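Welcome, and thanks for taking a look at this one with us. Please have the sequence and the model open side by side as you read the notes below.

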Amino acid sequence: VVFCKWDFTRCKVVEPGEGKCDGLRAVAMKTPSMVSTARPLTQKPYAVRYVVYNPSTTRANFKFTYSLDGGTTWIDEGDNILSVDAKSSHSIIIMLPMTDPIMLRINQTAGSTRTYCYLDNIQLFYEEEWPLKGDVNDDGEVNIADVNMIIDLIINE
C-alpha cells in the first residue's frame with residue numbers, strides 16, 4: 001500500500017451518509033473545487049481510477065490533469081473528463097505516463113454549486129499491484145462486466 005498527502009481547495013473529506021458513496025468517507029466537492037497530490041509521488045503509478053457519486057439534480061464534470069514539474073504546469077490531455085449524470089455515479093480509469101516525478105489533480109469544473117458530489121475510491125495502480133489483465137472494474141475477475149465498463153467508458157466520452 002502506498003499513501004500520499006492530498007491538498008483540498010474548496011472541498012473536504014466528509015461522511016456522506018449511507019447510499020451516497022462506497023464507504024464511510026469521501027471528498028465532498030462543489031463547482032468549482034479541486035483535490036491534488038501535495039507533492040510529487042515517490043513511486044510511479046501507471047494508472048489512476050476514481051469514482052464520482054452525484055446526488056445532485058445537475059450533471060457534473062470532473063477533469064483530471066497531471067504535472068511533471070512539481071505543480072508549476074498541469075497537463076490536460078483533453079479526454080480525461082468524467083461526466084456524471086444527476087442522481088448517478090460513474091468511474092474512470094486513466095493511464096499515466098511512466099514519468100517520475102508526477103503530481104495528480106482532479107477538478108470539479110461543472111455541476112452544482114450548492115449540492116456536494118462525492119469523489120471516492122481513488123486508486124493508484126503500480127505494475128506489481130494490477131490484479132488481473134483485463135480486470136477493468138477491479139473486482140478480481142475478468143468477465144462481461146469488464147467489457148460493459150469499457151463500452152460505457154467509450155460511449156460516455
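Predicted model: local features only at pLDDT ≥ 70, side-chain atom pairs only at ≥ 80, totals over all residues.

Two strands count as paired if DSSP finds at least two bridges between them.

**Strand E2 and its partners**

- Strand E2 covers residues 26-37 and is mostly covered, with ten of its twelve residues buried.
- Strand E1 (residues 6-14) pairs with E2 in the antiparallel sense, over eight bridges.
- Within that pairing, phenylalanine 8 has valine 35 of E2 as its bridge partner.
- Strand E7 (residues 103-110) also pairs with E2 in the antiparallel sense, here over four bridges.
- Strand E8 (residues 117-125) and E2 pair in the antiparallel sense over three bridges, and methionine 29 stands opposite cysteine 117 in E8.
- A cis peptide bond leads from threonine 31 to proline 32, with omega near -15°, and proline 32 has its place in strand E2.

**The largest nonpolar core**

- Nonpolar side chains tend to be buried together in soluble globular proteins.
- Here the largest nonpolar core holds 25 residues, and those that touch the most other members are Tyr50, Val52, Phe62, Phe64, Leu104 and Leu119.
- Two or more residues of this core come from each of E1, E2, E3, E4, strand E5 (81-84), E6, E7 and E8.
- E4 gives the most to this core, with four residues.
- Which residues does phenylalanine 64 touch, not counting residues up to four places away in sequence? They are Val48, Tyr50, Asn80, Ile94, Leu96, Leu104, Arg105 and Ile106.

**Helix H1**

- Helix H1 (residues 144-155) has twelve residues and reaches 16 Å from its first C-alpha to its last, close to the 16 Å expected at 1.5 Å a residue.
- The buried residues of H1 are Asp146, Met149 and Leu153.
- Seen down the axis of H1, these buried residues fall within an arc of 60°, so they line one face of the helix.
- An α-helix has 3.6 residues a turn, so residues three or four places apart point the same way.
- The buried residues of H1 pack against strand E3 (47-54) and strand E6 (88-95).
- On the other side of H1, Ile144, Ile154 and Ile155 are exposed.

- Threonine 65 lies in strand E4 (residues 60-67).
- Why does threonine 65 count as buried? Its relative accessibility is 4%, and the cut-off for buried is under 20%.
- Leaving aside neighbours within four places in sequence, threonine 65 is in contact with Trp74, Ile75, Asp76, Met103, Leu104 and Arg105.
- Glutamine 108 has its place in strand E7 and is buried, with a relative accessible area of 1%.
- The side chain of glutamine 108 reaches the backbone oxygen of alanine 110 at 3.4 Å.
- Not counting residues up to four places away in sequence, glutamine 108 touches a set of residues that includes Met29, Lys30, Thr31, Pro32 and Ser33, along with Ala60, Asn61, Phe62 and Cys117.

**Serine 83 and its polar contacts**

- Serine 83 is found in strand E5.
- Leaving aside neighbours within four places in sequence, serine 83 is in contact with Arg59, Ala60 and Asn61.
- The side chains of serine 83 and arginine 59 are joined by a polar contact of 2.3 Å.
- A second polar contact, of 2.8 Å, joins the side chains of serine 83 and asparagine 61.
- From C-alpha to C-alpha, serine 83 and lysine 63 are 8.8 Å apart in space, and they are 20 residues apart in sequence.

**Positive phi values**

- Arginine 10, in strand E1, has a positive phi of about 60° although it is not a glycine.
- Arginine 10 counts as exposed, because its relative accessibility is 62% and exposed means over 50%.
- Lysine 87 is found in the loop between E5 and E6, and its phi is near 55°, a positive value in a residue other than glycine.
- Lysine 87 counts as exposed at 61% relative accessibility.

Technical notes: Residues numbered from 1 in each chain as written. Heavy atoms only, no water. Buried < 20%, exposed > 50% of the residue type's maximum accessible area, 1.4 Å probe, protein only. Contact = heavy atoms within 4.5 Å. Polar contact = N/O pair within 3.5 Å; in protein donor to acceptor, adjacent residues only side chain to side chain. Expected span 1.5 Å × (residues − 1). Arc of directions from axis to C-beta. Core = buried A, V, L, I, M, F, W, Y, C linked by side-chain atoms within 4.5 Å.
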